[in-house]
Amino acid sequence: MTAILRYLAQAALYVPFMVIIGYFSTSPAYVHLPSDQALVRLSLSHAGQRIGECRQRTPGELAKLSPNMRAPLECPRERAPVTVELEIDGKLVYREVLQPSGLRRDLASTAYWRHPIAVGSHRFRARLRDRASGDFTYAREQTIELAPAQVLVIDFSASQGGFLFRF
Amino acid sequence: MEQSVTTYEAARLASLGELRKIEFIFDRVFNAANNPWRHLGALSFFFFWIITASGIYLYVFFDTGVSGAYQSVEALSNGQRYAGGVMRSLHRHASDAFMLTVVLHLAKEFLRGRYGGFRWFSWITGVPLLWLLFASGIGGYWLPWDRLAQFVAIATVEWLDALPLFAEPLARNFLVVENVSDRLFTLLIFLHIGIPLALLLGMFIHIQRVNHADVHTGRVLGWGTLAALLVLALAKPALSQGPADLATVPHLLAFDWFYLFPYWLLYSRSAAELWVLAGAVTGLLMLLPLLARGARAPVARVDLENCNGCARCFADCPYAAVVMRPRSGAGPGRMRAEVIPALCASCGICAGACPSSTPFRSNERLVTGIDMPQLPVNELRAALERGLSRLRSERRIVAFGCDCAARIRALEAPDVAVFSLLCIGMLPPSFIEYALRSGAEGVMVAGCREGDCAYRLGNVWTARRLEGRREPHLRPNVASERVRLVWSGAGEGAELARKLDDFRLALEGMPRNAPHLTSRTKALHNKIPIERGS
Ligand code: HEM
Ligand code: SF4
Ligand code: SF4
């Protein structure tokens, strides 16, 4: 094979390489969410109430503690699990009892849940209980019109009054 | 079980056959020396350097802020299309090509069964490179902070959140735009430099047990590949897909399947399934060397009496299994060779390199400096002498071949004495001269094609020794037309037979070889019954 022919043939063999790299670096396109869907992202990080009541230490107990640890109240650190429910259009789609994190179960309960949903108008009802028993402590209900590809974030912040619907 | 093992073997060999066909086409166009299929590791290194060079350029213009990131990358693509735009495209396409060549390299080593025995180190250290490469690519895709970056960021944290590692889901950092901070981008660029550096370190470790590792593509392949990437950069520039917007989902994406394929699985299956799959594949790859454990061939052995410390075996060993140590006791030279058995591939290339392997030595028993117990050079000399004296022909041919290449034994004929070595690199060039002096008319030396040696370097060293470019060289007084070097790999038996016929024909056109006899070859020569032709 002459040198020129050889280089031409080499150039030809680079073509499939370029086509493979060029094509699969962008194609086929990936449908992450069908165009008739929106996305609900429910996420929260909230510490449940402490489980036990604080208790006065007896003078005898206090004496046994090292001087810098002599707090008169003993408060159990364990927190209650947080129960979260989400209803969409009257149907319960999410219900979790979120256990507190931390080795002593004394830190926040957290959740993250993604849920594709048909576009259009939906009624969302979110409820949360952050103590061991009793009724839900927080709730929020709202009808929201979701456009294609729109994201509805359902977050929670006790200091801001409970559930936050952001869209 | 037995059944499935044979089916698997058949499938492996069939795939290897198909791969060979492709390689042969490329051999014809590129020559084996520049054939990309034979330099997948070197190409991977080459792409790494292109990515590094283009990455440094991009870094100069990159703004590590939530809004600045997107703008600065757009400015590269649109504001300086033929500089920054090309650099960005080179960076992207070379990364894709890197993934492609690494996966092909893995597949090729797998098909050739090169994961067990002494190769376990190369194989095991290759596996983490896959993760580092993936992580490097994923990190890169976050930075332009476009729609694809948004997808990659959220997919990555959603995948990580499936592991019980983090007290708070990482995905909470990407709920709303206020959560995404400039500091995150500083961290990301730090990771996007740090992980590739770890990859480079891993690549360096990966080639520790191969001597003279093939990490340079050579000019022809290097320039050709760079030219192809440049053409691709102009024809199909890498572009952003609109600024990230956490209020909407990027529902249709131009997708880089080389890196993002796992994220397709993440949403078509689930995060847990993807972890199980990734873990299983990694685990299987890591276990493969264990499954391939078989009986080990004897390793090279040094004979101190006959080692003068020249270090040729050290230079030629393809697997860095020979080390040179100062000599403590008496003996020739100040250094001595030592074999590290765990690293030895039992290829015999060291025996071919040792100056003591010359058959002209008149000792009754030829003991060389470094030898293979399963085929000592003494046995090779004896076999050569026996073989030559057995030939009943005027034009005797000696053919040296290799157990791993085309089957040389099939060429045994009344005029041909055949010797199959552990690797063709095991042949000391002096054996060729010895054969010619002992009555052979011609010597054929056959090995695998370039870039295909089972022990990486046997055929390269052989060619250089015969051309006089590497020690021990074939002495220039040997008539070069009587020595023929041919490359025919496993399965190319018919091709090899044709090459032998060509050589036979060429020898017939030459005057008879007048052997220059030494005392040892004279004794042998006298024993050979020469049939006088009419
Ligand atoms: C960044 C990724 C990688 C790079 C840059 C790379 C590069 C290389 C290079 C340059 C060699 C030496 C080739 C030679 O001189 O003959 C080599 C050998 C080898 N590689 Fe890789 N490699 C990579 C990944 C992998 C992976 C993922 C595997 C398999 C799991 C692997 C398995 C091997 C084996 C088994 C050898 C030894 C071949 C032999 O002994 O003949 N490599 N690699
Ligand atoms: S047999 Fe091969 S791997 Fe072993 S020491 Fe000799 S050259 Fe090195
Ligand atoms: S090639 Fe032979 S003489 Fe030279 S160091 Fe090795 S064993 Fe010793």
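Is B:His105 buried, partly exposed or exposed? Select it: B:His105 is partly exposed, with a relative accessible area of 23% (buried means under 20%, exposed over 50%, partly exposed in between, with a 1.4 Å probe and protein chains only).

Before moving on, note that this is a predicted model, where local features need pLDDT of at least 70 and side-chain atom pairs count only at pLDDT 80 or more, while totals for chains, interfaces and linings use all residues. Residues are numbered from 1 along each chain as its sequence is written, chains are lettered from A and ligands numbered from 1 in the order written, and side-chain values use heavy atoms, without hydrogens and water.

Now show ligand 1. Its iron atom is coordinated by NE2 of B:His105 and NE2 of B:His206, at 2.0 Å (donors are N, O and S atoms within 2.8 Å of the metal, or 3.2 Å for Na, K and Ca; water is not among the atoms, so sites may look incomplete). B:His105 sits in helix α4 and B:His206 in helix α7 of chain B, 101 residues apart. B:His206 counts as buried, at 16% relative accessibility.

Next, pick B:Asp452 and B:Arg112. They form a salt bridge, with the closest N and O atoms 2.8 Å apart (a side-chain nitrogen of Lys or Arg within 4 Å of a carboxyl oxygen of Asp or Glu). The pair ties together parts 340 residues apart in sequence, because B:Asp452 lies in the loop between β8 and α15 and B:Arg112 in the loop between α4 and α5 of chain B.

Last stop: B:Arg449 and B:Glu492, another salt bridge, at 2.7 Å between the closest N and O atoms. B:Arg449 and B:Glu492 are both buried.

Technical notes. Helix = DSSP H or I, 4+ residues; strand = E, 2+ residues; numbered from the N terminus.
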